[in-house]
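Open the model in your viewer and keep the selection panel at hand.

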Amino acid sequence: MTKLTASTAESLVASSTRLARERAADLSVADLADHAGYSPFHFARLFARHVGIGPGQYLTALRIDRAKQLLLTETESVIDVATAVGFDSLSSFSRRFRSTVGVPPAQLRRLADRISDKPPRPFSLLSPGIECVRVTIELPADFSPRGDAALWVGWYPHPAPIGLPLSGALISGVTEVSMPLCPGAPFLLGFAVPAQADPMAQLVPPEPMVGVHPAPLTASADVTLRFETSPTARRMPLLTALPSLCTR
């Protein structure tokens with residue numbers, strides 16, 4: 001197999017993610033591999049190296065993200081939503097939805113109603129630890145001119161906001177936070193929403209403002225977490241219903 005240049009690999013992955021975003025409900029990993037011109041095995045390795053998760057996980061993430069949109073903007077039943085996003089089994093959909101979002105499908109609707117009346121206030125799920133990472137927050141200057149954006153900073157098992165974080169904090173009005181290391185979750189990810197954001201902006205942001213530290217963190221360090229909106233072709237949906245964590 002001819003060795004790919006970095007730019008060619010990047011182009012193949014970007015093309016595959018665009019296709020996935022357009023047709024996630026009816027595509028398989030094999031379909032994406034055929035599109036890229038690679039075997040499923042080699043394509044999966046290439047995709048994971050550039051995106052941080054495998055193509056199967058990515059397709060599922062897109063389906064769950066679409067399900068979140070339908071649940072919050074339409075009145076269809078949960079089983080109809082599951083079918084619309086490509087799941088054959090309601091139980092499989094509900095199980096995957098809860099594991100990646102943090103609440104069952106029907107509860108997402110109730111959560112949206114709750115936070116429309118009472119937005120979540122800063123809270124912490126951090127456990128004390130001897131080794132800590134001191135995080136400096138960098139947001140685009142025009143995102144929160146008054147410095148009152150809500151910021152979630154948490155530890156994840158993978159370098160993508162899929163599934164529940166194992167530890168983290170919702171903060172506001174600060175530019176630094178100390179994060180005790182979290183065994184089993186070395187990836188530091190952040191998500192920002194403007195002050196007084198509506199439920200859709202909090203639960204299904206169309207252009208999530210995210211920060212991802214580029215490498216796993218396993219020892220004390222001072223790091224900067226830069227928040228930005230990623231390009232559309234590579235954008236990773238934010239699946240976790242973060243406001244639900246304040247009740248855990």
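Start with the sheet. Eight strands form an open sheet with mixed pairing, in the order β1-β4-β3-β6-β7-β8-β2-β5. Strands are DSSP E runs of at least two residues, and helices are H or I runs of at least four, both numbered from the N terminus. Two strands pair if DSSP finds at least two bridges between them. Select 123-124 and 176-180: these are the edge strands β1 and β5, each pairing on one side only.

This is a predicted model: local features need pLDDT of at least 70, side-chain atom pairs count only at pLDDT 80 or more, and totals for chains, interfaces and linings use all residues. Residues are numbered from 1 along each chain as its sequence is written, and side-chain values use heavy atoms, without hydrogens and water.

Next, select 209-212 and 221-229. These are β7 and β8, antiparallel and joined by three bridges. Gly 211 has Phe 227 of β8 as its bridge partner.

Now show Pro 119, Pro 120, Ala 150, Leu 170 and Val 193. Of the 22 residues lining the second largest pocket, these lie nearest its centre. A pocket is an open set of points on a 1 Å grid over the protein atoms alone, where a 1.4 Å probe fits, with protein on both sides within 12 Å along at least five of seven lines; lining residues have an atom within 4 Å of a point. Colour β3 (150-156), β4 (167-172) and β6 (187-193): each supplies at least two lining residues.

Finally, select 9-111. An unreviewed UniProt entry annotates this range as "domain: HTH araC/xylS-type". The chain there is 78% helix and 0% strand, with end C-alpha atoms 40 Å apart.

How values were computed
UniProt positions renumbered as here; feature names shortened; annotations may be inferred.
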